[in-house]
Amino acid sequence: DQIITIPVVFHVIHNNGEENISSAQIHDALFVVNRDFNALNPDLNQVVSAFEDIVGDVEMEFKLAKKDPDGDCHSGINRIVSSETYVGGEEVKLMIQWPRNHYLNIWVCAEAGGAAGYSYYPGSVNSQSDSYLDGIVIQSSYTGSIGTSNNYRSHVLSHEIGHWLNLRHPWGNSNSPGE
């Protein structure tokens with residue numbers, strides 16, 4: 001009966017364009033994620049009947065980090081100017097990353113390696129040499145429901161956090177639901 005709080009840090013990688021999303025959009029993104037993970041969605045009546053019995057509050061809360069790795073007060077939002085925003089690959093993770101055992105790192109970019117967003121399963125990033133892969137890269141246009149995003153795209157971050165928590169797709173371990 002205890003709520004687990006996960007501190008989140010957003011690293012906004014931008015080139016002074018619209019991908020430099022507002023703090024309000026980041027706060028909105030966490031509002032959507034917390035609503036999704038705690039079964040507070042206004043559209044729960046639309047859940048497919050086969051899944052109605054397993055909808056539930058997972059008793060997790062995602063909050064912006066209030067302190068940086070050195071213990072100094074922080075907003076939980078970093079802004080880095082780089083043209084890597086147009087790629088959104090692993091290189092953005094090498095620019096800045098807070099310790100993965102204390103924070104969920106989320107990199108917001110103009111592009112996310114060809115996807116709306118992506119994350120690795122925990123088992124893929126267990127060794128010291130690949131621990132930098134941990135976290136989520138997401139397009140700015142799929143972050144939250146306001147600003148450069150919209151309500152339809154707003155659940156991508158929840159989806160990727162699910163993978164970060166080791167959840168697979170309901171249809172299996174592919175990006176092709178028909179398989």
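Among contacts in the protein between residues at least 6 apart in sequence, 72% join residues at least 24 apart. Contact here means heavy atoms within 4.5 Å. The model is predicted: local features need pLDDT of at least 70, side-chain atom pairs count only at pLDDT 80 or more, and totals for chains, interfaces and linings use all residues. Residues are numbered from 1 along each chain as its sequence is written, and side-chain values use heavy atoms, with hydrogens and water left out.

The secondary structure comprises 3 helices and 6 strands. Their order from the N terminus is β-α-β-β-α-β-β-β-α. Helices (H or I, at least four residues) and strands (E, at least two) are DSSP runs, numbered from the N terminus. The radius of gyration is 16 Å, which agrees with the value near 16 Å for a compact globule of 179 residues. That radius is taken over C-alpha atoms, and the globule rule is 2.2 Å times the number of residues to the power 0.38. The C-alpha trace spans about 45 × 40 × 35 Å along its principal axes.

Of the 179 residues, 45% are buried. Buried means under 20% relative accessible area, exposed over 50%, and partly exposed in between (1.4 Å probe, protein chains only). The accessible surface of the protein is about 9,600 Å², and carbon and sulfur atoms account for 50% of this area. Areas come from the Shrake-Rupley method with a 1.4 Å probe; for residues, only the protein chains shown count as cover. The protein carries 9 positive and 22 negative charges, whose mean positions are 5 Å apart. Lys and Arg count as positive and Asp and Glu as negative, while His and the chain ends are not counted. Each charge is placed at NZ of Lys, CZ of Arg, CG of Asp or CD of Glu.

Strand β2 covers residues 60-64, and its side chains alternate. Met60, Phe62 and Leu64 point to one face and are buried. Strand β1 (residues 4-14) runs parallel to β2, joined by 5 bridges. Two strands pair if DSSP finds at least two bridges between them. Ile6 has Phe62 of β2 as its bridge partner.

Helix α3 (residues 156-164) is mostly covered, with 8 of its 9 residues buried. These are Val156, Leu157, Ser158, Glu160, Ile161, Gly162, His163 and Trp164. They pack against β1, α1 (23-37), β2, β4 (104-109), β5 (117-119) and β6 (136-139).

Most residues other than glycine have a negative phi. Asn166 follows α3 and has a phi near 80°. Its relative accessibility is 41%, so Asn166 counts as partly exposed. Glu59 sits in the loop between α1 and β2, with a phi near 55°. Glu59 is also partly exposed, because its relative accessible area is 32%.

Lys67 lies in the loop between β2 and β3 (77-81). Its relative accessible area is 48%, so Lys67 is partly exposed. Beyond its neighbours within four places in sequence, Lys67 is in contact with Asp72, Cys73, His74, Trp98 and Tyr103. Gln2 is 65 residues from Lys67 in sequence and 22 Å from it in space, C-alpha to C-alpha.
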